Every structure is written in C-alpha cells, then in structure tokens.
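Please read them with the coordinates open.

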Amino acid sequence: MASKSSRDRQKAGTGHPTPDGVSDVGRMFEAEPHYLDHRQRLRARFLEGGANAMPDYELLELVLFAAIPRRDVKPLAKTLIAKFGSFAEVIAAPRERLLEIDGVGETVVTHLKVVEAAALRLSKTQLMNRPALSSWDALLDYCAAAMARNPNEEFRVLFLDRKNMLIADEVQGRGTVDHTPVYPREIVKRALDLGASSLILVHNHPSGDPTPSRADIEMTREITAAAKALRISVHDHLVIGRSGHASFKALGLL
C-alpha cells in the first residue's frame, strides 16, 4: 500500500509516469498547441503585407481566431471557402446556410456578420460628403457589397440633394427571389420629406443576371413619371447581380 506522502505527491501531480511514459508534471511543460505558432505567423504576415499578401482562406482564419480561440481553424476556413467560393461570399452568406457547416455556431456567425457590417459601413463612408455622380465607382462597389449576394430581391433608393450629395440611403422594399413590391408614390413622398432633388434607384437580381426585366422597365417609368411631376429627377436605375451590374441610363432605358 502506498504511503500517505506518496498518495499526496500523486494528487499534486508529482507521481509516477503514466503508461505513455509522461508524468503529470511533464505534461504541464509540454509544447503549446501547434496552431498557436501558426496564428502568430499569420498575424505577422498580415501586419507586414496586408490582406493582398494572403489567400482568402488565411484571411478568413484571422477572423475565426477570435471566434474559436482554442482550436486549429484552418480546416474550417478551407471548408467555408470551398462551400461558398470566396472570403466575400462567406461573410455575406445567410446565417442559416452558415450554420449548416460542421463547426460553425452562433459565435462564428456573429463574428462573420460583424466583418460584413464593417465592410458595408466602410463602403458607405466612401460615398458620404462626396457628389455621388463623381464617385460612381465607389457607389457601385457599395451597392454590390450591400445587395449582390442577397437571396431575395431588395429595392433601394439613394436620395440626393441639389449638389448630388447623398442625403439618405433607404431600402424601400424587400421581396422574393424574383419580385419586390415597389410603390412610386411612397418613393416620391419620401423624397419630398427629405428635401431630395434627385434619386438613384437600385435593386438586385438574386439570379445573378443583372439584365433588366420588362417589369423593371415598366416600374422605372412609373417612378420617373411620378418624380418628374414634382421636379425630382431620376439619375439612373442600377440592377445589381453577382456577375456585374446594368445601368438603365447606359442602356438607353432612362
């Protein structure tokens, strides 16, 4: 029978080696998990070269570090990229689809959605206090980030003042995969409430093809006519798809 002092030492972690040959004390001094060094190297590369120096899955790893602090997240990052196609597609993916992936829980989804919200906020900031028509590329980038990956149609109106500065950016309607209810009178009424002088209409095609439909053309004519009666101009109607965008003005439809 072991003595009391021997039993005490074992309870304190100073007993005999375990079957694998490593004592309890030895385990305390084992090397840290391999992914900790990997995380440090990845952070250093990001700080030195920025996002352009990293493939999408590594950039996604950096986001997942905070959500999953005690696990190697490289396999999950690669799985997400393989499933959705790119970093941008991952952070914009619907919550329900993200949760279908093994290893993704509410904490991971929250971190991804915070990154998406930050990206949209930054894109929108590029439009503020600048004439929208002279910041067209920034406007297109913002609309694409906000709408191109939405699973359902969404109709957005950018309200501009007399100097074409952005007054408000509002979603006027959300619908199904191929239809959004739009009410021209409500859009014009809102423009009057805001004191807007002109509008840019924007909606998305979840199918990915930005080609305007007949319904899009008819709806645009109704809004343009209602706005014109009150001396409010419609600069353009943009249709946003995953494969690009279509401009009513460029197509001669406005």
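This is a predicted model: local features need pLDDT of at least 70, side-chain atom pairs count only at pLDDT 80 or more; totals for chains, interfaces and linings use all residues.

1. L254 touches T220, T224, V234, H235, D236, H237, F248 and K249, leaving out residues up to four places away in sequence; contact here means heavy atoms within 4.5 Å. L254 belongs to the segment after strand 5 (244-247), where helices (H or I, at least four residues) and strands (E, at least two) are DSSP runs numbered from the N terminus. With a relative accessible area of 37%, L254 is partly exposed; buried means under 20%, exposed over 50% and partly exposed in between, for a 1.4 Å probe and protein chains only.

2. Residues are numbered from 1 along each chain as its sequence is written, and side-chain values use heavy atoms, with hydrogens and water left out.

3. T220, one of the residues touched by L254, sits in helix 11 (residues 214-228). T220 counts as buried because its relative accessibility is 2%. Apart from neighbours within four places in sequence, T220 is in contact with L201, H237, F248 and L254.

4. For the chain as a whole, there are 11 helices and five strands. Of its 254 residues, 39% count as buried. Among contacts between residues at least 6 apart in sequence, 56% join residues at least 24 apart.

5. Which helices does the second largest pocket draw on for at least two lining residues each? They are helix 8 (106-125) and helix 9 (136-147), and helix 9 gives the largest share, three residues. The lining consists of E89, A119, S123, D141, A144, A145, A148, R149, G241, R242 and G244. A pocket is an open set of points on a 1 Å grid over the protein atoms alone, where a 1.4 Å probe fits, with protein on both sides within 12 Å along at least five of seven lines; lining residues have an atom within 4 Å of a point. The volume is about 180 Å³, taken as the space filled by probe spheres set on the points, which are joined across faces, edges and corners. By type, the lining divides into four nonpolar, three polar and four charged residues; Ala, Val, Leu, Ile, Met, Phe, Trp, Tyr, Cys and Pro count as nonpolar, Asp, Glu, Lys and Arg as charged, and the others, Gly among them, as polar.

6. E89, from that lining, lies in helix 6. Its relative accessibility of 17% is why E89 counts as buried. Not counting residues up to four places away in sequence, E89 touches F84, R149 and R242. The C-alpha atoms of E89 and R149 are separated by 7.5 Å, although the two are 60 residues apart along the chain.

7. Helix 8 has 20 residues and reaches 28 Å from its first C-alpha to its last, close to the expected 28 Å; the expected span is 1.5 Å times one less than the number of residues. In helix 8, V108, V109, L112, E116 and S123 are buried. They lie on the same side of helix 8, because they cover an arc of only 100 degrees around the axis, the arc being that of the directions from the helix axis to the C-beta atoms. V114, R121 and L122 are exposed on the other side. The buried residues of helix 8 pack against helix 4 (56-67), helix 6 (87-92), helix 7 (95-98) and helix 9.

8. In helix 10 (residues 184-194), the buried residues are P184, I187, V188 and A191. Seen down the axis, they fall within an arc of 95 degrees, so they line one face of helix 10. R185 and D193 are exposed on the other side. The buried residues of helix 10 pack against strand 1 (154-160), strand 2 (166-174), strand 3 (198-204) and helix 11.

9. Backbone points to check. Most residues other than glycine have a negative phi. N164, not a glycine, has a positive phi of about 65 degrees; N164 lies in the loop between strand 1 and strand 2 and is buried, with a relative accessible area of 18%. R231, also not a glycine, has a positive phi of about 60 degrees. R231 is in the loop between helix 11 and strand 4 (233-241) and is exposed, with a relative accessible area of 79%.
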